[in-house]
Amino acid sequence: MTDIESLPNTIKTSREHAILGLYPEAIKSYESALTVIENHSQTVYDSYGKERWKKAENEIRKEINLIKDLMNTCNLFKINPFTQNLDPNAGSGGSVDRNEIPLNYPNQNNDFKVNQPR
């Protein structure tokens with residue numbers, strides 16, 4: 001567990017992980033920082049100090065949500081349309097028929113035209 005003195009370094013490490021695309025590690029590190037902030041804010045009794053720590057906590061939560069959004073976006077690129085059903089309303093799953101997806105290809109004049117579904 002992180003202590004309050006190493007909190008800036010923990011947050012810096014979290015951001016570095018996020019920049020490098022190590023999203024799960026970044027989230028784990030951010031959550032460690034959140035735990036420290038939550039524990040420390042319970043020991044602060046003046047309203048100004050509590051308000052500042054609450055603001056820091058909210059900022060960290062926003063960064064975590066951004067990283068989760070990035071993870072979800074990256075996972076969208078991992079979908080293979082030929083092995084996974086792209087229609088969320090299709091029900092039981094299955095695969096997409098390659099002939100159902102219009103593909104661009106050059107013809108004899110090096111123009112591109114679209115395959116029509118069969």
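Which residues in α1 meet which residues in α2?

View 1. The model is predicted: local features need pLDDT of at least 70 and side-chain atom pairs count only at pLDDT 80 or more, while totals for chains, interfaces and linings use all residues. Residues are numbered from 1 along each chain as its sequence is written, and side-chain values use heavy atoms, with hydrogens and water left out. From α1, the residues L7, T10, I11, S14, R15, H17 and A18 meet Y23, E25, A26, S29, Y30, A33, V36 and I37 of α2; contact means heavy atoms within 4.5 Å. Helices are DSSP runs (H or I, at least four residues), numbered from the N terminus. This contact comprises nine nonpolar, four polar and two charged residues. Here Ala, Val, Leu, Ile, Met, Phe, Trp, Tyr, Cys and Pro count as nonpolar, Asp, Glu, Lys and Arg as charged, and the others, Gly among them, as polar.

**View 2. The crossing of α2 and α3.** The axes of these helices, lines fitted to C-alpha atoms over the stretch in contact with angles from 0 to 180 degrees between N-to-C directions, come within 10 Å and cross at roughly 165°. α2 and α3 are therefore roughly antiparallel to each other, a term for angles over 145 degrees. The contact of α2 with α3 divides into 14 nonpolar, two polar and seven charged residues.

**View 3. The largest nonpolar core.** A nonpolar core is a set of buried Ala, Val, Leu, Ile, Met, Phe, Trp, Tyr and Cys residues joined through side-chain atoms within 4.5 Å. Of the 14 residues in the largest one, L7, I11, Y30, I60, I64 and I67 touch the most other members. Helices α1 (7–19), α2 (23–41) and α3 each supply at least two residues, and α2 gives the most, with eight.

**View 4. E63 in helix α3.** E63 lies in α3, which spans residues 47–76. E63 has a relative accessible area of 18% and is therefore buried, the term for values under 20% (1.4 Å probe, protein chains only), with exposed over 50% and partly exposed in between. Not counting residues up to four places away in sequence, E63 touches R15 and Y30.

**View 5. W53 and its surroundings.** W53 also lies in helix α3. With a relative accessible area of 22%, W53 is partly exposed. Its contacts, not counting residues up to four places away in sequence, are I4, L7, I37, H40, S41 and V44.

Notes. Parallel < 35°, antiparallel > 145°, perpendicular 65-115°, else oblique.
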